[in-house]
Amino acid sequence: MNLDLFDTLPAGLEKIGEQSVVLRQFASPMQDELMAAIDQISRQAPFRHMLTPGGYTMSAAMTSCGSLGWITDRKGYRYQSVDPLTGKRWPDMPHVFQALAQQAASMAGFEHFQPDSCLINVYGVGAKMSLHQDKNEKDMTQPVVSVSLGITATFLFGGLQRKDNTQKIVLQHGDVVVWGGVDRLRYHGILSLKPASHLLLGERRINVTFRQAG
Ligand SMILES: O=C(O)CCC(=O)C(=O)O
(Lines give C-alpha, C1' and ligand atoms only; values in the text may rest on other atoms or scores of the structure.)
Protein backbone atom coordinates (compact mmCIF):
# COMPACT_ATOMS: atom_id res chain seq x y z
CA MET A 1 0.00 0.00 0.00
CA ASN A 2 1.17 3.51 -0.78
CA LEU A 3 1.18 5.14 2.64
CA ASP A 4 2.25 8.47 1.08
CA LEU A 5 -1.30 8.62 -0.23
CA PHE A 6 -2.38 9.83 3.17
CA ASP A 7 0.12 12.74 3.35
CA THR A 8 -2.47 14.88 1.58
CA LEU A 9 -5.97 13.49 1.50
CA PRO A 10 -8.14 14.05 -1.56
CA ALA A 11 -11.50 15.75 -0.84
CA GLY A 12 -14.07 13.27 0.45
CA LEU A 13 -11.47 10.81 1.68
CA GLU A 14 -11.45 10.31 5.45
CA LYS A 15 -8.81 8.22 7.10
CA ILE A 16 -10.29 5.97 9.82
CA GLY A 17 -7.30 3.68 10.40
CA GLU A 18 -3.72 3.23 9.31
CA GLN A 19 -4.86 1.52 6.11
CA SER A 20 -8.58 2.31 6.16
CA VAL A 21 -10.62 5.09 4.64
CA VAL A 22 -14.16 6.28 4.05
CA LEU A 23 -14.75 7.67 0.56
CA ARG A 24 -17.68 9.97 1.08
CA GLN A 25 -20.38 9.82 -1.64
CA PHE A 26 -18.06 7.82 -3.91
CA ALA A 27 -20.83 5.51 -5.16
CA SER A 28 -23.56 8.14 -5.52
CA PRO A 29 -23.01 8.85 -9.24
CA MET A 30 -23.58 5.13 -9.96
CA GLN A 31 -26.67 4.71 -7.77
CA ASP A 32 -29.11 3.91 -10.59
CA GLU A 33 -26.86 1.31 -12.20
CA LEU A 34 -26.11 -0.22 -8.81
CA MET A 35 -29.78 -0.50 -7.88
CA ALA A 36 -30.69 -1.99 -11.28
CA ALA A 37 -27.91 -4.56 -10.87
CA ILE A 38 -29.04 -5.44 -7.33
CA ASP A 39 -32.63 -5.96 -8.58
CA GLN A 40 -31.39 -8.24 -11.33
CA ILE A 41 -29.18 -10.27 -8.97
CA SER A 42 -31.93 -10.70 -6.39
CA ARG A 43 -34.27 -12.07 -9.08
CA GLN A 44 -31.76 -14.88 -9.73
CA ALA A 45 -30.52 -15.34 -6.15
CA PRO A 46 -33.23 -14.08 -3.78
CA PHE A 47 -32.45 -12.32 -0.50
CA ARG A 48 -32.73 -14.65 2.48
CA HIS A 49 -32.20 -14.51 6.24
CA MET A 50 -29.49 -17.04 7.03
CA LEU A 51 -28.84 -18.93 10.26
CA THR A 52 -25.66 -18.48 12.25
CA PRO A 53 -23.82 -21.61 13.40
CA GLY A 54 -25.24 -20.85 16.86
CA GLY A 55 -28.79 -21.06 15.48
CA TYR A 56 -29.69 -17.33 15.36
CA THR A 57 -31.42 -15.85 12.33
CA MET A 58 -29.47 -12.91 10.91
CA SER A 59 -31.51 -9.71 10.88
CA ALA A 60 -30.03 -8.56 7.57
CA ALA A 61 -31.22 -10.47 4.50
CA MET A 62 -28.41 -11.48 2.15
CA THR A 63 -27.53 -12.64 -1.31
CA SER A 64 -24.30 -12.78 -3.32
CA CYS A 65 -22.86 -12.49 -6.77
CA GLY A 66 -19.48 -13.39 -8.23
CA SER A 67 -17.78 -16.74 -8.41
CA LEU A 68 -18.02 -17.26 -4.64
CA GLY A 69 -20.86 -16.39 -2.30
CA TRP A 70 -20.65 -16.15 1.46
CA ILE A 71 -23.09 -18.30 3.40
CA THR A 72 -23.79 -19.28 6.97
CA ASP A 73 -25.83 -22.12 8.43
CA ARG A 74 -25.60 -24.54 11.35
CA LYS A 75 -22.44 -26.00 9.74
CA GLY A 76 -20.53 -22.71 9.87
CA TYR A 77 -19.46 -19.65 7.89
CA ARG A 78 -17.96 -20.26 4.45
CA TYR A 79 -17.80 -19.38 0.78
CA GLN A 80 -19.25 -21.58 -1.91
CA SER A 81 -19.73 -21.35 -5.65
CA VAL A 82 -23.32 -22.63 -5.61
CA ASP A 83 -26.25 -20.84 -3.99
CA PRO A 84 -27.77 -23.33 -1.52
CA LEU A 85 -31.22 -21.79 -2.06
CA THR A 86 -31.37 -22.24 -5.84
CA GLY A 87 -28.78 -24.98 -6.39
CA LYS A 88 -27.28 -22.77 -9.13
CA ARG A 89 -24.06 -20.79 -9.38
CA TRP A 90 -24.29 -17.26 -7.99
CA PRO A 91 -25.07 -14.56 -10.60
CA ASP A 92 -22.07 -13.01 -12.32
CA MET A 93 -20.61 -9.90 -10.78
CA PRO A 94 -21.82 -6.95 -12.92
CA HIS A 95 -19.16 -4.80 -14.55
CA VAL A 96 -20.34 -1.71 -12.65
CA PHE A 97 -19.66 -3.54 -9.35
CA GLN A 98 -16.15 -4.62 -10.40
CA ALA A 99 -15.31 -1.11 -11.59
CA LEU A 100 -16.59 0.57 -8.42
CA ALA A 101 -14.74 -1.87 -6.14
CA GLN A 102 -11.47 -1.56 -8.02
CA GLN A 103 -11.62 2.24 -8.18
CA ALA A 104 -12.40 2.53 -4.48
CA ALA A 105 -9.64 0.08 -3.53
CA SER A 106 -7.18 1.96 -5.66
CA MET A 107 -8.19 5.32 -4.09
CA ALA A 108 -7.40 3.73 -0.72
CA GLY A 109 -3.98 2.58 -1.96
CA PHE A 110 -4.82 -1.04 -2.83
CA GLU A 111 -3.99 -1.58 -6.49
CA HIS A 112 -4.81 -4.83 -8.33
CA PHE A 113 -7.87 -5.67 -6.24
CA GLN A 114 -9.75 -8.45 -8.05
CA PRO A 115 -12.92 -9.19 -6.06
CA ASP A 116 -14.43 -12.59 -6.77
CA SER A 117 -17.19 -12.28 -4.19
CA CYS A 118 -19.82 -9.66 -3.52
CA LEU A 119 -22.15 -9.99 -0.55
CA ILE A 120 -25.30 -7.86 -0.62
CA ASN A 121 -26.91 -7.17 2.76
CA VAL A 122 -30.36 -5.59 3.11
CA TYR A 123 -31.21 -4.03 6.46
CA GLY A 124 -34.67 -2.93 7.50
CA VAL A 125 -35.24 -0.61 10.45
CA GLY A 126 -33.96 -2.38 13.59
CA ALA A 127 -31.65 -4.77 11.71
CA LYS A 128 -27.99 -4.84 12.71
CA MET A 129 -24.76 -6.74 12.31
CA SER A 130 -22.84 -7.74 15.40
CA LEU A 131 -19.13 -7.08 15.75
CA HIS A 132 -17.14 -9.63 13.74
CA GLN A 133 -13.96 -10.11 11.75
CA ASP A 134 -13.95 -11.03 8.05
CA LYS A 135 -11.67 -14.03 8.08
CA ASN A 136 -13.13 -16.62 5.70
CA GLU A 137 -11.08 -15.23 2.79
CA LYS A 138 -7.83 -16.89 1.69
CA ASP A 139 -5.68 -13.84 0.96
CA MET A 140 -5.59 -11.34 3.80
CA THR A 141 -3.42 -8.91 1.79
CA GLN A 142 -6.56 -7.96 -0.15
CA PRO A 143 -8.86 -5.28 1.28
CA VAL A 144 -12.58 -5.24 1.98
CA VAL A 145 -14.59 -2.65 0.02
CA SER A 146 -18.01 -1.86 1.48
CA VAL A 147 -20.64 0.36 -0.21
CA SER A 148 -23.59 1.89 1.64
CA LEU A 149 -26.88 2.74 -0.04
CA GLY A 150 -30.15 3.96 1.46
CA ILE A 151 -30.80 5.02 5.04
CA THR A 152 -28.02 6.08 7.36
CA ALA A 153 -26.21 3.53 9.50
CA THR A 154 -23.63 3.66 12.24
CA PHE A 155 -20.59 1.53 11.41
CA LEU A 156 -18.60 0.29 14.37
CA PHE A 157 -14.91 0.00 13.61
CA GLY A 158 -12.99 -1.73 16.36
CA GLY A 159 -9.56 -3.20 16.81
CA LEU A 160 -7.99 -6.60 16.35
CA GLN A 161 -9.55 -7.89 19.59
CA ARG A 162 -13.29 -8.02 20.17
CA LYS A 163 -12.90 -6.13 23.46
CA ASP A 164 -11.08 -3.17 21.85
CA ASN A 165 -12.79 0.22 21.72
CA THR A 166 -14.83 0.98 18.62
CA GLN A 167 -15.08 4.15 16.55
CA LYS A 168 -18.62 5.05 15.50
CA ILE A 169 -18.71 6.14 11.87
CA VAL A 170 -21.94 7.43 10.35
CA LEU A 171 -22.38 6.04 6.84
CA GLN A 172 -24.71 7.63 4.35
CA HIS A 173 -25.98 6.75 0.91
CA GLY A 174 -23.04 6.52 -1.48
CA ASP A 175 -20.29 6.24 1.15
CA VAL A 176 -17.66 3.55 0.60
CA VAL A 177 -15.42 2.14 3.33
CA VAL A 178 -12.17 0.39 2.44
CA TRP A 179 -10.06 -1.42 5.02
CA GLY A 180 -7.03 -3.64 4.47
CA GLY A 181 -3.38 -4.20 5.25
CA VAL A 182 -2.75 -3.89 8.98
CA ASP A 183 -6.47 -3.11 9.46
CA ARG A 184 -7.79 -6.07 7.47
CA LEU A 185 -8.82 -8.12 10.51
CA ARG A 186 -10.32 -5.31 12.55
CA TYR A 187 -13.65 -6.10 14.18
CA HIS A 188 -16.58 -4.20 12.66
CA GLY A 189 -20.36 -4.17 12.75
CA ILE A 190 -23.51 -2.12 12.26
CA LEU A 191 -25.68 -0.73 15.05
CA SER A 192 -29.40 -1.41 14.93
CA LEU A 193 -30.82 0.87 12.21
CA LYS A 194 -32.94 3.78 13.38
CA PRO A 195 -36.27 4.56 11.66
CA ALA A 196 -35.67 6.68 8.55
CA SER A 197 -36.63 6.82 4.93
CA HIS A 198 -34.50 7.32 1.83
CA LEU A 199 -35.82 8.79 -1.43
CA LEU A 200 -34.63 5.88 -3.54
CA LEU A 201 -34.64 2.94 -1.14
CA GLY A 202 -37.42 3.75 1.33
CA GLU A 203 -36.90 2.35 4.84
CA ARG A 204 -33.97 0.18 3.83
CA ARG A 205 -30.22 0.18 3.76
CA ILE A 206 -28.32 -1.92 1.26
CA ASN A 207 -24.68 -2.73 1.81
CA VAL A 208 -22.63 -4.20 -1.02
CA THR A 209 -19.33 -5.64 0.15
CA PHE A 210 -16.52 -6.87 -2.11
CA ARG A 211 -13.84 -9.35 -1.19
CA GLN A 212 -11.25 -11.50 -2.84
CA ALA A 213 -12.32 -14.74 -1.22
CA GLY A 214 -10.74 -17.55 -3.22
O1 LIG B 1 -23.35 -3.38 6.39
C2 LIG B 1 -22.20 -3.02 6.56
O3 LIG B 1 -21.82 -1.87 6.35
C4 LIG B 1 -21.16 -3.99 7.09
C5 LIG B 1 -21.32 -5.36 6.50
C6 LIG B 1 -20.35 -6.30 7.09
O7 LIG B 1 -19.79 -6.08 8.13
C8 LIG B 1 -20.04 -7.54 6.41
O9 LIG B 1 -20.67 -7.86 5.38
O10 LIG B 1 -19.12 -8.24 6.89
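Student: How far is an oxygen atom of the ligand from an N or O atom in the side chain of Arg205?
Tutor: The separation is 2.8 Å, which falls under the definition of a polar contact, a pair of N or O atoms within 3.5 Å (within protein, one must be able to donate a hydrogen and the other to accept it, and residues adjacent in sequence count only if both atoms are side-chain atoms). This is a predicted model, where local features need pLDDT of at least 70 and side-chain atom pairs count only at pLDDT 80 or more, while totals for chains, interfaces and linings use all residues. Residues are numbered from 1 along each chain as its sequence is written, and side-chain values use heavy atoms, with hydrogens and water left out.

Student: And what about Asn207 and Arg211, how far are their polar side-chain atoms from an oxygen atom of the ligand?
Tutor: For Asn207 the distance is 3.2 Å, and for Arg211 it is 2.9 Å.

Student: How much of the ligand's accessible area does the protein cover?
Tutor: The protein covers 98% of the 290 Å² that the ligand has on its own, with areas from the Shrake-Rupley method and a 1.4 Å probe (for residues, only the protein chains shown count as cover).

Student: Switching topic, how many disulfides does the structure hold?
Tutor: It holds zero disulfides, a disulfide being a pair of cysteine sulfur atoms within 2.5 Å. For Cys65 the nearest cysteine sulfur is that of Cys118, 3.8 Å away.

Student: Is Cys65 buried or exposed?
Tutor: Cys65 is buried, because its relative accessible area is 0%, where buried means under 20%, exposed over 50% and partly exposed in between (1.4 Å probe, protein chains only).
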